[in-house]
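Take it one topic at a time, and look for each part as you go.

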Amino acid sequence: MNSRSYKSRLRELVRRREFGIFIIIVIVMVLVGLRNPIFFTGDNWKDMLMYASILAFISIGQMMTIVTGGIDLSVGSVVALSGMSVGIIMRDNPALPPVVLILLGTVFGLGCGIINGLLIGKGKVHPLITTLATMSIYRGLVVVVSRSRWVVYGDITKGFKLIARGNILGINNLMFAALIIAVVSYYFLNHTRKGREIYAYGDHQEAAKFVGINSTRINILVYALSGMLAGFGGVLWVSRVHTAQANTALGYEMQTIASCVIGGVSIFGGVGSVFGVLLGTLLFGIILNSLELIGIVDFWKLSVQGFIILVAVIFDAVLSHRVAEQMRKQRRVFDAE
Amino acid sequence: MEHLLTLERITKIFTGTLALSDVDFDLRQGEIHALVGENGAGKSTLIKIITGIYQPDGGQMTLEGRRVVFPDARASYDHGIAAIYQEASLFEDLSIAENIYMGHQEIRPVTRNIRWGALYRKAGEFIKSLEVNLNPRALVKSLSIAEKQLVEIIKALSADAKILIMDEPTASLTKEEIDYLFRIARKLREEGTGIIFISHRLEEVFDIADRVTVIRDGKKVGTVPKDKLKVEELVRMMVGKDLKTLYPKEEVEIGEPVLRIENLSRHGEFDKVSFELKKGEILGMAGLVGAGRTEVARTIFGVENPEGGRIFLEGKQVRIENPRQAMELGIAYLSESRGEYGLVLQLDITQNITIPILKRFSRFGWINRTDERDTAKRFYDLLDIRATGIQQKVGSLSGGNQQKVSLAKWLAANAKILILDEPTKGIDIATKAAVHKLMSDLAGEGKAILMISSEIPEIIGMSDRIIVMNEGRLVSEITRREATQEIVLTAALGEKGK
Amino acid sequence: MPNEREKKKRLPLADMLKTWEFTIFMLLIAVFVINLILSPDLFRVANLFDATLTFTEKSILTLPMALLIISGVIDISVASISAMSGVILGVCYKAGMAIGYATVIGLAVGLSAGLLNGVIITRLKIPSIVVTLAMMLFYRGVGYILLGDTAVRDLPQRFGLLGGAYSSTFIPIQFMIFILLAVIFGFLLHRTRFGRLIYIVGNNENTARYSGVRVDRIRLILCGVTGLIAGLSGILLTSRIGSARPDIAQGNEMAVITICLLGGVYIFGGKGSIIGVVIAALMIGYVHYGLSILNVQEQVIRIFTGGLLIIALLIPTIASRFRASVKHRRGGS
């Protein structure tokens with residue numbers, strides 16, 4: 001009996017999407033590693049994971065909006081706006097401790113997110129179009145607040161650089177942050193009432209009304225969280241790359257969406273897991289990294305990203321269609337006569 | 001007995017139509033109070049006001065002596081009101097247990113996290129205590145319609161509510177499941193719960209209710225203790241007129257078969273369905289909600305494709321892959337949700353009637369508006385549509401007139417076979433009679449009509465012949481002469497040996 | 001009785017809808033007057049049309065986009081298609097093809113890209129917004145793959161006329177194309193069977209399907225047309241700036257959608273008119289012209305466009321709240 005349940009659990013595991021992504025990750029790693037052994041060096045992994053860390057937690061914020069059936073296209077601009085604002089504040093007040101800067105950036109992001117949430121939740125405006133608009137607005141504000149004077153390497157204080165370089169418990173700060181955020185998000189989404197309400201709302205908005213879930217609050221919550229994480233990410237971004245410009249994190253929203261879609265977050269809402277998004281981010285990070293290592297030029301990146309998103313979305317659509325068909329056939333079994 | 005809930009002069013207006021007008025209602029402790037009325041009388045609206053999903057435009061509610069206002073569903077839930085809704089209100093991608101406890105999951109005191117183990121255990125025990133066989137961890141999307149209905153019921157029962165509302169809980173349940181539900185309802189009554197029970201089946205009402213309130217066209221007709229009530233009287237209260245005028249079916253000569261279905265099957269929906277539809281005939285299709293009737297109709301109309309079986313039109317086998325081909329073959333399908341599948345509510349009457357026949361008025365793609373209007377006007381007059389004119393937006397018409405517009409659309413397209421799915425759902429009594437009259441006339445002109453209806457009186461009153469579906473199979477064929485409520489219902493419920 | 005009730009309640013709504021085009025027309029005039037104050041030069045008719053030049057490429061694209069949105073589909077890959085068409089034109093020319101043929105190829109590329117979007121959207125039943133989001137990256141990337149960060153510069157002068165020249169005396173060819181297309185699309189939408197079907201499909205896809213309308217075909221055609229015009233728009237832009245580059249037309253999709261919505265097109269389909277869109281296009285065009293006279297940066301102008309888009313989107317919500325409160329007050333009295 002015990003072994004049977006073990007077997008069925010194994011079967012369950014294999015059937016899950018996360019397992020599939022995991023397998024693909026392994027395959028990609030082996031292939032790229034064979035092509036270019038640098039892939040397996042510690043430095044390369046550290047580089048890649050530092051990049052993937054920021055992407056991971058911003059993608060988790062993105063996931064929450066997608067789970068409600070929405071989307072947040074403004075995250076890239078929020079990263080830039082928060083990063084630029086914090087960079088300028090740092091330039092003007094080099095004495096400010098980095099912790100204050102991190103908090104400031106997070107609050108800026110939160111503010112941007114709340115604006116999105118209010119427009120979508122209270123204004124009942126379509127999420128995609130809303131955030132398409134605020135994406136432009138926030139990006140424009142980057143130019144306005146900086147008066148076209150970018151934050152450059154020389155402006156970055158030593159303490160600020162340490163945010164990305166430093167370690168906690170022997171783990172790089174960025175990875176540590178991503179890990180903590182992933183755990184907290186997992187806890188929030190799977191073990192609190194509000195978290196479950198987010199899934200319920202994305203699953204069936206009409207039924208959510210029947211159990212008294214407040215759509216306005218849910219919307220404000222998820223976009224605020226997404227903005228907050230993007231704001232936090234902005235600070236880390238500038239600390240990692242040592243500059244803030246008008247085109248910082250341009251198109252980054254696409255990478256977060258790609259990570260989500262690859263990680264099994266349904267674009268129709270209601271489905272998605274933190275673990276899946278982490279794997280999605282990892283796979284996406286590895287693919288981007290591999291492109292460089294195999295010697296594919298930078299100019300291919302955009303198309304490859306678009307192609308990956310498209311494939312993931314199509315895969316998802318075909319899969320969910322097949323599952324629906326299967327469910328229909330199982331719903332009522334006619335015995336052969 | 002104490003008064004649990006009192007509603008006084010409740011009024012609700014939906015974009016210009018008066019859904020409820022000064023309705024009074026009261027519920028006592030430990031009683032089952034049936035709410036009856038024809039489709040569209042306003043029962044569901046009243047229920048949604050009690051549960052806080054709609055807010056009334058007038059009137060007041062008193063709960064245990066205190067005046068209450070419910071801004072949303074949770075407020076009413078917190079006051080001890082639970083409901084089983086008619087339409088699916090479950091989260092498909094969540095587990096049964098989560099659906100049952102959504103919004104009031106048990107949480108730990110300080111960390112405020114959900115106690116998942118306890119949640120599943122509690123759900124499991126509760127389901128077991130109800131003697132139902134369901135896995136609390138199963139996802140709702142994997143359940144059948146009847147199982148989903150059971151989850152709805154379990155969810156409402158789990159609330160341990162003072163007031164339990166059942167909005168047509170039996171529409172998709174089998175006899176056994178209904179008996180079971182009634183046993184629970186009686187037990188709750190003994191424990192002092194007040195139950196509001198809505199059903200189309202009057203025999204169920206007589207079986208279980210203590211008092212009966214009748215609503216007609218958004219107004220209350222009266223409240224009567226069951227003991228002082230006879231079926232005929234109740235029907236008269238509901239209908240407001242003689243049954244004969246409601247079902248003005250005339251004898252017509254029945255001709256050759258025009259449509260023949262042979263062993264039509266779709267996995268998980270219906271299996272080996274065969275029947276014939278003749279010229280001039282109204283063929284009634286009875287069955288429970290979820291028995292597979294709509295699925296058969298949709299397959300004949302080409303919305304879905306059959307996975308087995310054949311379709312013959314006037315003796316010739318046909319393949320119907322999409323609605324367009326069905327239309328070209330003279331088949332029309334009127335869905336039970338007119339607003340979703342039958343009409344474009346934002347457009348006017350003319351533009352709706354001419355959707356399938358636009359080509360007729362177009363030269364090189366250019367629409368000749370005069371011709372278009374003339375045609376629309378002809379059918380507008382023919383079907384006696386009541387509106388300010390053919391330029392009125394369809395969305396602002398009453399349900400009955402909307403139904404007439406959808407009929408007009410297919411008549412203009414010259415359909416010979418009409419599949420009418422719940423043709424009088426949500427229509428006031430007067431127009432309902434008019435739609436029935438129209439159906440009778442159309443049959444008289446030689447159209448063949450397949451009518452799907454969950455209202456057994458309508459099936460019996462209008463059909464020349466009745467076929468009954470149960471669990472995806474055609475189980476019975478009954479002639480007009482031998483049909484009684486009991487025979488049809490028994491077949492629909494799928495009782496064996498009777 | 002209920003009908004009379006209905007009539008009373010419907011009238012202000014109908015009036016408001018009727019006056020929406022009027023409202024933005026008044027806005028257009030206001031913008032125009034402000035521009036005149038800022039730069040009296042605009043008084044000369046030639047300058048009046050010159051001002052449209054920078055914006056006509058986008059205006060042209062609003063026309064098919066309006067039809068597409070009314071039919072219930074949206075394409076946010078248009079700007080990328082424009083860039084891709086321009087680049088491919090340039091690459092073909094550089095490879096020795098006659099400029100006329102290269103232009104045709106550019107148009108064909110646009111058409112195929114639009115059709116590819118359409119096929120994926122209609123066949124696989126994936127929301128158009130997601131599909132075109134991915135395609136936006138993909139098509140933009142194609143330009144970069146072909147040209148990297150270089151550009152094809154020495155395009156023939158003849159070709160430059162397309163984007164910059166004047167037909168008779170002072171009307172730019174671009175503007176002529178816009179007006180011509182506006183008339184064609186206007187008649188197509190408002191007078192033909194195809195146009196009527198667009199409204200039907202956009203308002204209620206299911207009813208359309210159940211009434212024998214070939215929903216997918218209509219949307220596929222519209223996707224193709226949108227791609228074609230996006231290609232045209234990219235070619236005009238390439239012609240105006242005199243070189244084929246992969247980074248042109250950035251953010252145009254937002255400007256185009258903004259114009260459509262400001263022009264009264266309903267984001268979820270089923271509603272909108274060409275005249276509204278044309279007025280909105282001219283208005284936004286002159287807003288940009290005014291801002292650029294003030295030397296406002298492109299990035300900052302986008303703040304305005306984004307803000308306008310949000311305002312345009314909020315209008316229905318605010319209007320319905322307003323109507324509800326009016327109704328409430330009436331019901332109460």
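In which helix of chain B is B:Ile184 found? B:Ile184 belongs to helix 6 (residues 175-190) of chain B; helices (H or I, at least four residues) and strands (E, at least two) are DSSP runs, numbered from the N terminus.

Before going on, please note that this is a predicted model, in which local features need pLDDT of at least 70 and side-chain atom pairs count only at pLDDT 80 or more, while totals for chains, interfaces and linings use all residues. Residues are numbered from 1 along each chain as its sequence is written, and chains are lettered from A and ligands numbered from 1 in the order in which they are written.

- B:Ile184 is partly exposed because 16 other C-beta atoms lie within 10 Å; a residue is buried with 20 or more other C-beta atoms within 10 Å of its own, exposed with 12 or fewer, and partly exposed in between, with C-beta atoms placed from the backbone.
- From B:Ile184 to B:Ala413, 229 residues along the chain, the C-alpha atoms are 51 Å apart.

**Chain B as a whole**

- Chain B has 18 helices and 22 strands.
- Its radius of gyration is 24 Å, close to the 23 Å from the globule rule for 498 residues, so chain B is as compact as a globular protein of that length. This radius is taken over C-alpha atoms, and the rule is 2.2 Å times the number of residues to the power 0.38.
- Along the principal axes, the C-alpha atoms of chain B fill a box of roughly 75 × 50 × 50 Å.
- Of the 498 residues in chain B, 50% count as buried.
- Among contacts in chain B with a separation of 6 or more, 69% join residues 24 or more positions apart; two residues are in contact if their C-beta atoms, placed from the backbone, lie within 7 Å.

**Two domains in chain B**

- Chain B is divided into domain 1 (3-238) and domain 2 (245-493), with bounds that come from an automatic or database domain assignment.
- The contact between these domains takes 15 residues from domain 1 of chain B and 16 residues from domain 2 of chain B.
- The C-alpha centres of the two domains of chain B lie 32 Å apart.

**Where chain B meets chain A**

- Here 29 residues of chain B are in contact with 24 residues of chain A.
- Helix 2 (residues 73-78) of chain B gives the most to the side of chain B that touches chain A, with three residues.

**A hairpin in chain B**

- Strand 21 (residues 465-470) and strand 22 (residues 473-479) of chain B pair in the antiparallel sense over six bridges; two strands pair if DSSP finds at least two bridges between them.
- B:Ile467 stands opposite B:Glu477 in strand 22 of chain B.
- The hairpin has two residues between the strands, and B:Glu471 takes a positive phi near 50 degrees there.

- Helix 12 (residues 252-262) of chain A is mostly covered, with eleven of its eleven residues buried, including A:Tyr252, A:Met254 and A:Ile262.
- Just after helix 12 of chain A, A:Gly264 has a positive phi of about 90 degrees.
- Helix 11 (residues 252-262) of chain C is largely enclosed by the rest of the structure, because eleven of its eleven residues are buried.
- Just after helix 11 of chain C, C:Gly264 has a positive phi of about 100 degrees.
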